[in-house]
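Please read these notes with the structure open beside them. The points are numbered and can be checked one by one.

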Amino acid sequence: MIAETGHYALVLALALALIQSTLPILGARWHDPALMNVARSTALAQLLFVAASFAALVTLHVTSDFSVVNVFENSHSLKPLIYKITGVWGNHEGSMLLWVSILALFGGLVAAFGNNLPLSLRAHVLAVQAWIASAFYLFILITSNPFLRIDNAPIEGRDLNPVLQDIGLAVHPPMLYLGYVGFSISFSFAVAALLEGRIDAAWARWVRPWTLVAWIFLTLGIAMGSYWAYYELGWGGWWFWDPVENASLMPWLAGTALLHSAVVMEKRNALKVWTILLAILTFSLSLLGTFLVRSGVLTSVHAFATDPTRGVFILLILCIFIGGSLTLYAWRASALKQGGLFAPISREGALVLNNLFLTTACATVFIGTLYPLALEVLTGDKISVGAPFFNLTFAPLFLPLMIAVPFGPLLAWKRGDLLGAAQRLIAAGIAALVAIAVLWAWTRGGSAFAPLAIGLAVFVIAGALCDLAERTGLFRMPFATAMRRARGLPRSTWGTTFAHAGVGVALIGIVCETTWNSEYIGSMKPDDVAKIAGYELKLDGVTQRQGPNFREMLAQFTVTLDGKPLSAMTPSKRNFPARGSSTTEAALLTRGASQLYISLGDTTADGAIAVRIYHKPLVLLIWWGPVLMAFGGMLSLSDRRLRVGAPKPAKALRGLQAAE
Amino acid sequence: MKPILACILAIAVMMGSSAAYAVQPDEIMSDPAMETRARDLSRELRCMVCQNQSIDDSEAPLARDLRLLVRERIAAGDSDAQVIDFLVARYGEFVLLKPRLKPHTLLLWLLPPLALAGGGFVLWTHGRRRSRSAAAEDQSLPGLTAEEEARLERLTAAEPPADKPA
């Protein structure tokens, strides 16, 4: 009954989405406010029905109703409750339902909080949102119905992939989807602007908070996934340049560019046409990511779905939306009026440079990910494009961008003073040089790359602080005045500082981890001692334990530093009988931002156990950086100027424009 | 990332291996310099049954065979380039995670720099065109008449300072 209700609710959501796709547009054509307002109520009702459908699937999983195929294939009655819930989106059908639920959530949010939007714009935005929703409801109902029943209900389920039975599954996919799908709002706004043929700075002001929300979630989602892979997979890698990771990185790069170009559009009414294109591209890349992961096109074990009908269906969705929106863009973009002028050396110019590098980086990831597929389809040649390619092409694009980052906020709008900005960055430059010199002396002529890269990261962090010091008048004015000015600064300025500093922090982590990572691989018996980076790790013994749905082998280690006992570490290996598979659970010991990492391998006949130990200096900075970036994003989001939305042009504002 | 985790698990299940990880203790060469070379080479080589994993990271038995093969060649005195050539001759270009620059990979290697240069060029010409047309527009605008000048004077003088938008 619950399954049928969930299924029916999804069908009703589709019906509502179809109404929402058409009536509001007609309403806008005929200038009929009643019809335009249909969008609002249908969006809210749609959210309600999708939520009911999602709740039904969660209930089925929680109550272990194995008469439903989806539950049977991905759950087990002994599984802890949290994994019964997270298991809902640990499979293809459930994750698609999560996808549309989040889409409906964003649509509902626009409907609920979009009161200050012009009526016709809101109608168009929600209609476009409903086109996307309809396509994906159809996809789920036709090819990936999560509510299918089995004739003879089995007594026990097949259990979830053990690797997915982790708290990471509770956080990572929802975050990632909130990011991916959140960009649909910017997309809908862009298409709505093209349909209406009108776009202004107010448009950018509405779009920016939505883009920012999506970007914050995507940033956290990617970072979270990377940390999950790091501790779960057992070899301490945190980024693999895998097509699926690239699929999430591409929208992030494009979204970051969009965030910056929307600033220019809001503040200076320039870069309109480009911002629209970026909004379309960002969500197109999200769709592409969904296609890559969900269709099985990567011809691998990778995508859970291997059924070609799904692939073709998503490809169709992809072609219609990307092709359609780009055609609309080509047709209507020229009608949009170009905005304010600016000199190459200006805040706008810096943001254009940012966009150039970010989109090129995005294009690099795009071609590296899709080239092997295209080549195989066209010529049959099989090549691989992996980490060495991306490291070689991505780094040269990102490093110059990092040099430019501190300059951006210090340049004035319209026409900036590069020399003046450089003078104000002298302190940051000195800090960077000192860092390089100290590291150079410390590593004594090792690779020059690491000190230089860390120097660059220090420059970015110190540059962000310089900007702040400049704005508050710190060191130039009495301390109390500076503090008062700091409080008076717009929150978005603080946001910029944190986000830019976060980039530098992540870079330090990446460079330290890759350069000074030390590793011990060996077979250990009880009472053996492994030495790594000054630490001594003694294997005390190995014990067995029974978990809820697994058996576990634990190895006890005692860690000592300079003869003093520091802590115990217990890495383990888990065996899940339901799937006959096992996972390694690494043990992590955090010291400051550095970590010791132990993972276990096989036991040999003579009782020794294969052990892999790493010391990863400052590795946590890799994830603190994105957390700082996301925090900066949240600060910006809390800025009053964004919260109040776009006010109607007031008299004072018109006066200002006339004066320019 | 979730799908990757699933992939790796799936591989482990497919191969019937019990989550043995990458490089194992018994594979390590006695000469540390040679071992370092072997590790560096391993990171450039693909485990062909995996999705974009290097043999250094992969736990598939094939990856282990390849790691042992690389070490065998190094022990036999091959240079890095010779080891790579040997593997390419045996398994094809598919084994390289960094494709060689050849006619069929030309586009792959050239696109990033071309995109950057092309983007820069478009921006440059676009900026020039716009500033030129703006300058032309400026000249084509007639100057203010004396009457307008006077009115402007009146308006700016009349505006109380407190009303100025910040």
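1. Chain B has six helices and zero strands. Helices here are DSSP runs of H or I with at least four residues, strands are runs of E with at least two, and both are numbered from the N terminus. Along the sequence, the pattern of chain B reads α-α-α-α-α-α. Of its 166 residues, 32% count as buried. A residue is buried if 20 or more other C-beta atoms lie within 10 Å of its own, exposed if 12 or fewer, and partly exposed in between, with C-beta atoms placed from the backbone. Among the contacts in chain B with a separation of 6 or more, 53% come from residues 24 or more positions apart. Two residues are in contact if their C-beta atoms, placed from the backbone, lie within 7 Å.

2. A word on the source. This is a predicted model, in which local features need pLDDT of at least 70 and side-chain atom pairs count only at pLDDT 80 or more, while totals for chains, interfaces and linings use all residues. Residues are numbered from 1 along each chain as its sequence is written, and chains are lettered from A and ligands numbered from 1 in the order in which they are written.

3. Helix H19 of chain A covers residues 491–516, which is 26 residues. From first C-alpha to last, H19(A) reaches 37 Å, close to the 38 Å expected at 1.5 Å a residue. The expected span is 1.5 Å times one less than the number of residues. Is H19(A) largely enclosed or largely open, and why? Because 20 of its 26 residues are buried, H19(A) is largely enclosed by the rest of the structure.

4. Next come the helix pairs. Two packed helices are described by the angle between their axes and the distance between the axes. Axes are lines fitted to C-alpha atoms, for helices over the stretch in contact, and angles run from 0 to 180 degrees between N-to-C directions. The axes of H1(A) and helix H6 of chain A (residues 119–143) come within 8 Å and cross at roughly 150°. The two helices are therefore roughly antiparallel to each other. Angles over 145 degrees count as roughly antiparallel, under 35 as roughly parallel, 65 to 115 as roughly perpendicular and the rest as oblique. H1(A) passes H6(A) in a left-handed crossing. A crossing is left-handed if the near helix is turned anticlockwise from the far one by less than a right angle, and right-handed if clockwise. The residues of this contact divide into 19 nonpolar, six polar and no charged. Ala, Val, Leu, Ile, Met, Phe, Trp, Tyr, Cys and Pro count as nonpolar, Asp, Glu, Lys and Arg as charged, and the others, Gly among them, as polar.

5. Helix H7 (residues 167–196) and helix H8 (residues 201–232) of chain A have axes that come within 7 Å and cross at roughly 155°. That angle makes H7(A) roughly antiparallel to H8(A). The crossing of H7(A) past H8(A) is left-handed. Their contact holds 21 nonpolar, eight polar and one charged residues.

6. For H6(A) and H7(A), the axes come within 8 Å and cross at roughly 125°. That makes H6(A) oblique to H7(A), and the crossing is right-handed. Residues of H6(A) in this meeting include A:Ser120, A:Leu121 and A:His124, and those of H7(A) include A:Ser184, A:Ser188 and A:Phe189. By class, the contact has eight nonpolar, five polar and one charged residues.

7. Two loop residues of chain A deserve a look at their phi angles. A:His31 has phi near 55°, a positive value in a residue other than glycine. A:His31 sits in the loop between helix H1 (2–30) and helix H2 (33–62), and counts as exposed, with 10 C-beta neighbours inside 10 Å. A:Ser64 has phi near 50°, also positive in a residue other than glycine. The place of A:Ser64 is the loop between H2 and helix H3 (69–74) of chain A; with 17 C-beta neighbours inside 10 Å, A:Ser64 counts as partly exposed.

8. What is A:Ala201 in contact with, leaving aside its neighbours within four places in sequence? A:Ala201, found in helix H8 of chain A, is in contact with A:Met265, A:Glu266 and A:Asn269. A:Ala201 is partly exposed, with 18 other C-beta atoms within 10 Å.
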